[in-house]
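User: I am new to this structure and would like to learn how to read its features one at a time. Could you take me through them slowly?

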Amino acid sequence: MSKLILLSLEGKILPRPPFWFMRQAGRYLPEYRDIRKRTTSFLDLCYQPEIAAEITLQPVHRFHPDAAILFSDILVIPHALGQMVEFKESIGPCLNPVRTTKDLKGLSLINCDKKLSPIFETVKLVKEKIPEDVALIGFAGSPWTVATYMVEGGTSRNFVSIKKWARNDPNSFSKLINLIVDSTCDYIVGQVESGADVIQLFDTWASVVPADQFQKLIIEPTQRIINRVRQIKPKTKFIGFPKGIGTAISHYAEETGVNCLSIDSSVSPKFAANCLQPKFAIQGNLDPIALLVGGNSMLNSTSNIINTLNKGPFIFNLGHGIIPETPPENVEILANFIRSGGKG
Ligand code: CP3
């Protein structure tokens, strides 16, 4: 049986769009919260292949989407490089910030592969258990987004430390970006060799980069990752998610080598259909709040998106991740609606 998502990524137009949801495994699911209760550290979950595989498949069993996304996090890269990373209840990620050339000396590629090997194990376990027609999506953070957490020490409001470093000392800042590029390439190749069908690159904070640094900090590192992975695994398909960059997404699409653009909810489906879809597959872009609210407003917005984007290669998704307060029943209603065509 063929995996519909792979057909969309090859440019095929399908009778109904294949779908999956960003953050489809997570706190809105009671079966995830049950497992989460039993461990104190979120990162421990990511490094226990049996458990991480089970969590990856939880939404597949419930909603039968066309893809599963590996259960892990973008911050396993700084952790594997040797940075202290912790996820604190109701705060989020906390890292020991890296802000100077001297701080970079504490990071190293040497043990990355070994530290990340449980995640490759998870990919293999999921592949054994996943239905044949469901794709497995591997992922990584884009270098800029991963760097924001490494330099700011967590989620940031104004990104002052990283922007100062990138401006004041671009050479040493490049060393950090290069280290993330190198570790991410190995990490993605490991996921593909273990069985990931597609790779999504999350650039959640791409919108923070000033226009005059966009080429150097967003486009080039993404390009380097995609080119290098394809030197080793030529057929690797990439979905890029450069969140919040508006019409600069056209330039991102042309330059980076991605097969598909994941669009956030601020991008108009008409713009995506007219300007991007002639050459690229599109993924997106229901507002996660529409899913949280549910009802006709969710279904109407879904129909609008499908009517506009399913005339080309298209994967239905949200514009960003499922919010923890979302009722799982809404996700089920949405999944059934899309499966039946979603035309309203
Ligand atoms: O279904 C899936 O998408 C599961 C895998 C996944 C997680 N994080 C699990 C997770 C994926 C693809 C991510 C990506 C990720 N992680 C991104 C990019 C996408 C985005 O949301 O913008 C970013 C920026 C991170 C970093 C991160 N991880 C933050 C800021 C937080 C705290 C905020 C939050 O949502 O909890 C996390 C924690 C995290 N990652 C959780 C999960 C299920 C919750 C942790 C818990 O259970 O305590």
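User: How far is an oxygen atom of the ligand from an N or O atom in the side chain of R36?

Analyst: A polar contact is a pair of N or O atoms within 3.5 Å; here the distance between an oxygen atom of the ligand and such an atom in the R36 side chain is 2.9 Å. The side chain of D73 has an N or O atom 2.7 Å from a nitrogen atom of the ligand, and a polar side-chain atom of T204 is 2.7 Å from an oxygen atom of the ligand. This is a predicted model, in which local features need pLDDT of at least 70 and side-chain atom pairs count only at pLDDT 80 or more, while totals for chains, interfaces and linings use all residues. Residues are numbered from 1 along each chain as its sequence is written, and side-chain values use heavy atoms, with hydrogens and water left out.

User: How many residues surround the ligand?

Analyst: Counting a residue as near if one of its heavy atoms lies within 4 Å, 21 residues surround the ligand, and the closest are R27, Y32, D73, T204 and H320.

User: Which residues of α4 and α7 make the contact between them?

Analyst: Two packed helices are described by the angle between their axes and the distance between the axes. The axes of α4 (residues 49–63) and α7 (residues 112–129) come within 8 Å and cross at roughly 50°. With contact meaning heavy atoms within 4.5 Å, P49, E50, A52, A53, T56 and L57 of α4 meet P118, E121, T122, L125, V126 and K129 of α7.

Notes. Axes fitted to C-alpha atoms, helices over the stretch in contact; angles between N-to-C directions. Helix = DSSP H or I, 4+ residues; strand = E, 2+ residues; numbered from the N terminus. Polar contact = N/O pair within 3.5 Å; in protein donor to acceptor, adjacent residues only side chain to side chain.
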